Amino acid sequence: MFPDKFRLTDQVALVTGARRGIGRAIAKALAEAGADLVLVARSDCSSVAGEIEQVGRKAITITADLTEADAPEKIVEGAVKEYGRLDILVNNAGICPFLAPAEQIRESGWDKIQDVNLKAVFRCCQAASKQMMKQRRGKIINIASVAGIIADPGASAYAISKAGVISLTKNLAFEWGRYNINVNAVAPGFIGAGMNEKIATMPEISNMMKERTALGRAGQPEDVACAVVFLASSAADYITGETLVVDGGFVGYSSVNIASLLGKC
């Protein structure tokens with residue numbers, strides 16, 4: 001009976017940013033746990049759908065720009081139309097298009113990061129909550145970052161957006177708990193894939209990150225995916241408003257000025 005608590009048999013999960021990296025790993029892990037998927041990305045992710053179908057689960061793909069005002073509602077409507085329900089939402093889509101000292105950040109750059117990393121997450125939560133309230137059940141998992149917990153000089157716009165995600169998670173958990181909706185976050189550390197893929201190939205930076213991580217290695221997308229499956233499962237039914245740090249012991253060290261190191265490479 002105990003292992004069954006980690007199963008997601010016949011549940012429906014929607015994952016944003018599902019085309020590559022952490023999003024792809026999350027989608028595959030949810031499918032392996034028994035869920036059917038709605039894969040959302042700005043470009044085609046039919047290859048991920050094919051991988052999910054290989055493990056015996058269904059998957060539909062939706063190409064969308066989450067910063068468009070009506071995108072979240074349309075995505076949820078598409079999920080419900082296809083499957084008749086929505087049990088799990090994973091807000092994974094995010095960007096970090098630049099590194100710069102705070103005094104040099106332009107308003108346009110600031111707005112772009114907040115629109116994708118925070119505003120779109122909030123609106124996806126809103127859209128999903130309406131269906132989950134009808135069902136009187138749902139799991140929302142927001143992908144934050146350790147940058148939202150510690151200081152991250154040179155990446156302040158990104159860090160602040162992720163701190164916002166953590167605060168959003170706590171607030172929505174308390175507002176929607178009465179509907180039996182659990183809202184939690186996962187805060188990855190240095191994951192050597194996705195937007196960190198370029199950094200991971202720079203020996204000076206990647207070695208420094210590993211040295212400042214208790215487990216002595218970069219994380220893998222699957223490390224984050226396993227945490228998401230746990231929070232989506234009934235094993236985590238009494239957990240809400242929390243941020244699960246998946247960083248190999250990185251947060252215990254002092255903050256790392258990645259931007260200054262990049263300038264040396």
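Predicted model: local features only at pLDDT ≥ 70, side-chain atom pairs only at ≥ 80, totals over all residues.

User: Ok, so what does Thr 169 touch?
Analyst: Leaving out residues up to four places away in sequence, Thr 169 touches Asn 142, Val 183, Asn 184, Ala 185, Gly 241 and Glu 242. Thr 169 sits in helix H5, residues 156–176. Helices (H or I, at least four residues) and strands (E, at least two) are DSSP runs, numbered from the N terminus.

User: Is Thr 169 buried or exposed?
Analyst: Buried, with a relative accessible area of 0%. Buried means under 20%, exposed over 50%, and partly exposed in between, using a 1.4 Å probe and protein chains only.

User: And where's Gly 78?
Analyst: Gly 78 is in helix H3, residues 71–83. Gly 78 is partly exposed, at 23% relative accessible area. C-alpha to C-alpha, Gly 78 lies 9.3 Å from Ile 60, and the two are 18 residues apart in sequence.

User: Switching to the sheet: what's the strand order?
Analyst: It's an open sheet of seven strands, E3-E2-E1-E4-E5-E6-E7, with parallel pairing. Two strands pair if DSSP finds at least two bridges between them. E3 (59–63) and E7 (243–246) are at the edges with a single partner strand each, so one side of each has no neighbour in the sheet. From one strand to the next, the twist averages 15 degrees.

User: How many bridges join E5 to E6?
Analyst: Six, between E5 (residues 138–143) and E6 (residues 181–188). Ile 140 stands opposite Val 183 in E6. Helix H4 (residues 107–135) packs on the sheet and touches E4 (88–91), E5 and E6, with its direction at about 180 degrees to that of E4.

User: Last one: at what angle do H1 and H2 pack?
Analyst: About 25 degrees, with the axes of H1 (residues 21–32) and H2 (residues 46–54) 9 Å apart. That makes H1 roughly parallel to H2, a label for angles under 35 degrees. Axes are lines fitted to C-alpha atoms, for helices over the stretch in contact, and angles run from 0 to 180 degrees between N-to-C directions.

User: Which residues make that contact?
Analyst: Arg 24, Ala 27, Lys 28 and Ala 31 from H1, and Val 48, Glu 51 and Ile 52 from H2.

Definitions and conventions:
Residues numbered from 1 in each chain as written. Heavy atoms only, no water. Parallel < 35°, antiparallel > 145°, perpendicular 65-115°, else oblique. Contact = heavy atoms within 4.5 Å.
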